[in-house]
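Colleague: Hey, could you walk me through this model and tell me how you know what you say about it?

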Amino acid sequence: MEDSGAFDAGRGTVLNHDGFAELDASIMNGKDRKAGAVAAVRHIANPIDLARLVMDRTKHVLLVGEGAEQFAKEQGIALVPEKPQES
């Protein structure tokens, strides 16, 4: 869904007030009550994958913005260019 461009999700999202795509994602495992989330990421193609890594590889529940993107780089997730502003 995030990659299709046909939905208001992922890189096809509505742009923020400043004209940039900022993406959020969260995931939860009800069995062990673990959760992970990322918010306000601009360079992550599939934020849900990063949220899963937050859940599985950190003691945190939420990483935001530049900190989330730094964690993505540390985990080997490629950053993508910001979606260009629409006129």
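Here is a short chat about the strands, the helices and the surface.

Modeller: First, this is a predicted model, so local features need pLDDT of at least 70 and side-chain atom pairs count only at pLDDT 80 or more, while totals for chains, interfaces and linings use all residues. Residues are numbered from 1 along each chain as its sequence is written, and side-chain values use heavy atoms, with hydrogens and water left out.

Colleague: What makes up the secondary structure of the chain?

Modeller: There are 2 helices and 3 strands, running β-β-α-β-α from the N terminus on. Helices (H or I, at least four residues) and strands (E, at least two) are DSSP runs, numbered from the N terminus.

Colleague: How do you know that E2 and E3 pair?

Modeller: Pairing takes at least two bridges found by DSSP. Strand E2 (residues 34–41) and E3 are joined by 3 bridges, so they pair, and they run parallel. Ala37 stands opposite Leu62 in E3.

Colleague: Why are E1 and E3 called edge strands?

Modeller: The open sheet has the order E1-E2-E3, with mixed pairing. Strand E1 (23–29) and strand E3 (62–64) each pair on one side only.

Colleague: What does helix H2 touch?

Modeller: Helix H2 (residues 65–74) packs on the sheet, touching E2 and E3. Contact means heavy atoms within 4.5 Å.

Colleague: What share of the chain is buried?

Modeller: Buried residues make up 33% of the 87 residues; that means under 20% relative accessible area, using a 1.4 Å probe and protein chains only.

Note on methods
Axes are lines fitted to C-alpha atoms, for helices over the stretch in contact, and angles run from 0 to 180 degrees between N-to-C directions. Buried means under 20% relative accessible area, exposed over 50%, partly exposed in between (1.4 Å probe, protein chains only).
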